[in-house]
Amino acid sequence: MSSKKSLAAQLHSDAVSFTPGGVHSNVRLERATAFFARGKGAWLWDVEGNDYVDYLLGQGPNFLGHAPEAVTEAVADACRRGMVYGAQHELEVEAGRSFLSAVAWADQVRFGLSGTEMVQAALRLARAVTGRKKFIRFEGHYHGWLDNVLLAPQADGTPGPASAGQLSSHLEDCVILPWNDENALAHALEEHAGQVAAVITEPFMCNSGAVSPRDGYLQRMRQLCDEHEAVLIFDEVITGFRVAFGGAAERFGVTPDLATYGKAMAGGWPVAALAGRAELMQRFADDVSHAGTFNASVMACAAVVATLEELRSDPPYARVEAHGEEVMAGIRKLADDHEVPLRVQGLGMSFHASFGPKDRVFDFQGLQALDLQRYNALAQRLTEFGVWVAGRGIWYVSAAHGDREATVVLERLDAALRAWHG
Ligand SMILES: Cc1ncc(COP(=O)(O)O)c(C=O)c1O
């Protein structure tokens, strides 16, 4: 073992003594031994100096690539004048204006720190506005790690609590449906008529399989919510500013009542948002509580303004999509060359890889036919070949990915598959 290698091993052994599992988010437990020293553009370097072409992008936030100059400069410059005032400042008005000019359907926005908390704010607001308790959500969708939204398949295959300490009673007010099935939604809204405050959905099922909505599905969801006077919430924490500047609402042409954002909106800074129609959002100025010491900090607002300015002045969407499609096509070709059932689907900016039948998956059930564990083993192996991807199959593309990265990632995947017998 080289002395540099022992640095990662040493850091890991220190980390596990200071921190449970050596990580600060359970999502990272699988790669607890990975320690990076820096990131720039589409690349990461570990503490041993090895490079990785990065298609995980910190689980999404680095849509402009790591450490985008315009954003890091803007944040550093702004925070020299103070960071958190416990009061308002000019940049937050600018950030709000800029955000709403991108998310054009929404009238108002509140900033926060994480997607998890914005989802909770959205659900609380929907309940306040409707005076109802239940909400409808979908299998395979992720809405954060808190008790009322965290799900995992139970022994019998049905969804239930995902964590020790999470009670099944925490999930009592949610109705869990298969996604991309308008009849299931129509039926549930009838069955629970007058009780459903909100329908919350990932508009593109990114967290499970990168599944697009079937034609007309989101439109029908909109219509059904109107008929049943339920609030339609798009969870755009992944899709916002990624699948289009105006997120999934713009890309799929369907307007929710509320939507949550995070990740791509701030060039890597921890910022999230809840946006929506004024009629609903105004309740935060009245009787619905939403708070947070660090909400709309100087850094957060500087990051939002600079990121959105980058995305507005030089929209990367066509490039990012083309890059992702090129990589997806390259993965399919390598799968054929190596005679492995490696399959990909999704959008260029965010797609999903796994082992299994080539047919497109349209729902969470379809995902059960895929061999996600086998793919996870390949993803772990890819790390040794200098490709950083998530074990759960999702690939994220950034504005910093170009021809060089497309060539390198396919060369490295080729080498990994050559050496792989999983
Ligand atoms: C769709 C969706 N909603 C909510 C969240 C939670 O966001 P955060 O991790 O910022 O709390 C995530 C995180 O991946 C997400 O993908």
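**View 1. Lysine 133 and its salt-bridge partner.** Lysine 133 is exposed, at a relative accessible area of 54% (buried is under 20%, exposed over 50%, partly exposed in between; 1.4 Å probe, protein chains only). Its side chain meets that of aspartate 173 in a salt bridge, 3.9 Å from N to O (a side-chain nitrogen of Lys or Arg within 4 Å of a carboxyl oxygen of Asp or Glu). Aspartate 173 counts as partly exposed, at 24% relative accessibility. This is a predicted model: local features need pLDDT of at least 70, side-chain atom pairs count only at pLDDT 80 or more, and totals for chains, interfaces and linings use all residues. Residues are numbered from 1 along each chain as its sequence is written, and side-chain values use heavy atoms, with hydrogens and water left out.

**View 2. Arginine 220 and glutamate 182.** These two residues form a salt bridge, with the closest N and O atoms 3.7 Å apart. Arginine 220 is partly exposed at 24% relative accessibility, and glutamate 182 is partly exposed at 33%.

View 3. The residues around the ligand include Ser114, Thr116, His143 and Lys263 (a heavy atom within 4 Å of the ligand). Polar contacts are pairs of N or O atoms within 3.5 Å; within protein, one must be able to donate a hydrogen and the other to accept it, and residues adjacent in sequence count only if both atoms are side-chain atoms. A ligand oxygen lies 2.9 Å from a polar backbone atom of glycine 115. A ligand nitrogen is 3.2 Å from a backbone N or O atom of tyrosine 142. In the side chain of asparagine 207, an N or O atom is 2.9 Å from a ligand oxygen.
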